[in-house]
Amino acid sequence: MPEQDVTVGQLLLAEYESVKSEQRARIGFRDNLLYVTLAVVAAVIAATAQAKQPSMLLALPPVCLVLGWTYLVNDEKISAIGLYVRDDLGPKLAELAAQGSRFATFGWEAYHRSDTRRRSRKTIQTVIDLTAFCAVPLAALVVFWVNGDATRLLVALSVLEALAVAGLASQVVRYATAG
């Protein structure tokens with residue numbers, strides 16, 4: 001069997017397939033994190049109501065922080081892959097394919113970003129992210145503070161949780177306004 005040389009174009013296309021596969025996997029994982037968060041919130045609220053123990057609500061902030069941060073990191077990587085395809089991989093392939101012409105590769109990577117409703121969708125998604133990962137745990141903390149018969153240690157823990165959730169909220173907003 002004769003050896004075949006691998007061209008630069010074939011390598012770039014293989015890389016494209018690889019990064020797009022990673023992007024698809026990350027999108028599925030990221031989107032499922034919202035459903036997991038909703039399920040966990042419902043379970044903690046139900047258990048808290050059944051046990052009549054407001055201190056159980058202190059479980060929500062760390063869970064929402066972990067899920068929210070994981071969501072945010074995946075979302076950033078999804079965007080980074082799109083940027084890489086648009087700004088690095090696409091131009092390299094275009095140069096190989098057209099040798100100096102203005103041939104555009106992977107047009108969808110840029111085209112979908114020019115939609116006139118993109119900004120409103122990003123704003124709505126940011127509100128959803130802030131609600132799921134930040135407002136819900138902060139509401140749980142407020143309920144704990146109002147109804148809790150808490151020790152100083154639990155109150156101190158709840159304040160630390162509130163600060164951590166506020167930090168996550170600032171990161172959600174920062175990432176949303178960066179792209």
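The side chains of Arg30 and Asp31 come together in a salt bridge, with N and O atoms 2.9 Å apart, a salt bridge being a side-chain nitrogen of Lys or Arg within 4 Å of a carboxyl oxygen of Asp or Glu. This is a predicted model, in which local features need pLDDT of at least 70 and side-chain atom pairs count only at pLDDT 80 or more, while totals for chains, interfaces and linings use all residues. Residues are numbered from 1 along each chain as its sequence is written, and side-chain values use heavy atoms, with hydrogens and water left out.

### Salt bridges

By this rule the count comes to six salt bridges. Arg30 and Asp31 also belong to a network of salt bridges that links them with Asp75. Arg30 is buried, with a relative accessible area of 13%, whereas Asp31 counts as partly exposed at 31%; here buried means under 20% relative accessible area, exposed means over 50%, and partly exposed lies in between (1.4 Å probe, protein chains only).

| Pair | N to O distance | Relative accessible area |
|---|---|---|
| Arg30 and Asp31 | 2.9 Å | Arg30 13%, Asp31 31% |
| Arg26 and Glu22 | 2.9 Å | Arg26 22%, Glu22 36% |
| Asp88 and Lys92 | 3.5 Å | Asp88 27%, Lys92 39% |

Arg26 and Glu22 are four residues apart in helix 1, and they are therefore separated by about one helical turn. Asp88 and Lys92 are likewise four residues apart, in helix 2, so about one helical turn separates them as well. An α-helix has 3.6 residues a turn, so residues three or four places apart point the same way.

### Helix 1 and the residue after it

Helices (H or I, at least four residues) are DSSP runs, numbered from the N terminus. Helix 1 covers residues 8-51, and its 44 residues should span 64 Å at 1.5 Å a residue, which agrees with the 63 Å between its end C-alpha atoms; the expected span is 1.5 Å times one less than the number of residues.

Phe29 is found in helix 1, where it is partly exposed with a relative accessible area of 43%. Leaving aside neighbours within four places in sequence, Phe29 is in contact with Thr70 and Asn74, contact meaning heavy atoms within 4.5 Å. The C-alpha atoms of Phe29 and Thr70 are 9.5 Å apart in space, although the two residues are 41 residues apart in sequence.

Helix 1 is followed by Lys52, which lies in the loop between helix 1 and helix 2 (60-98). Phi of Lys52 is near 55°, a positive value in a residue other than glycine. Most residues other than glycine have a negative phi. Lys52 counts as exposed, at 68% relative accessibility.

### Nonpolar cores

The largest nonpolar core has 13 residues, and those with the most contacts inside it are Leu34, Tyr71, Phe133, Cys134 and Leu168. The elements that give two or more residues to this core are helix 1, helix 2, helix 4 and helix 5. A second, separate core of seven residues includes Val19, Val85, Leu89 and Leu93. A nonpolar core is a set of buried Ala, Val, Leu, Ile, Met, Phe, Trp, Tyr and Cys residues joined through side-chain atoms within 4.5 Å.

Not counting residues up to four places away in sequence, Tyr71 touches Arg30, Leu33, Leu34, Gln125, Asp129 and Phe133.

The 27 residues of helix 5 should span 39 Å at 1.5 Å a residue, and its end C-alpha atoms are 39 Å apart, which agrees. The buried residues of helix 5 are Ser158, Glu161, Ala162, Val165, Leu168, Ala169 and Val172, and what covers them includes helix 2 and helix 4.

On the surface, Val142, Trp145, Val146, Val155, Val159, Leu160 and Leu163 form a nonpolar patch with about 650 Å² of accessible area together. Helix 4 (118-147) and helix 5 (152-178) are the elements that give two or more residues to the nonpolar patch, and the largest share, four residues, comes from helix 5. Patches are made of residues with over 30% relative accessible area and no salt bridge, with like charges joined within 9 Å and nonpolar side chains (Val, Leu, Ile, Met, Phe, Trp, Tyr) within 5 Å; accessible areas come from the Shrake-Rupley method with a 1.4 Å probe, and for residues only the protein chains shown count as cover. Val159, found in helix 5, is partly exposed, with a relative accessible area of 40%.
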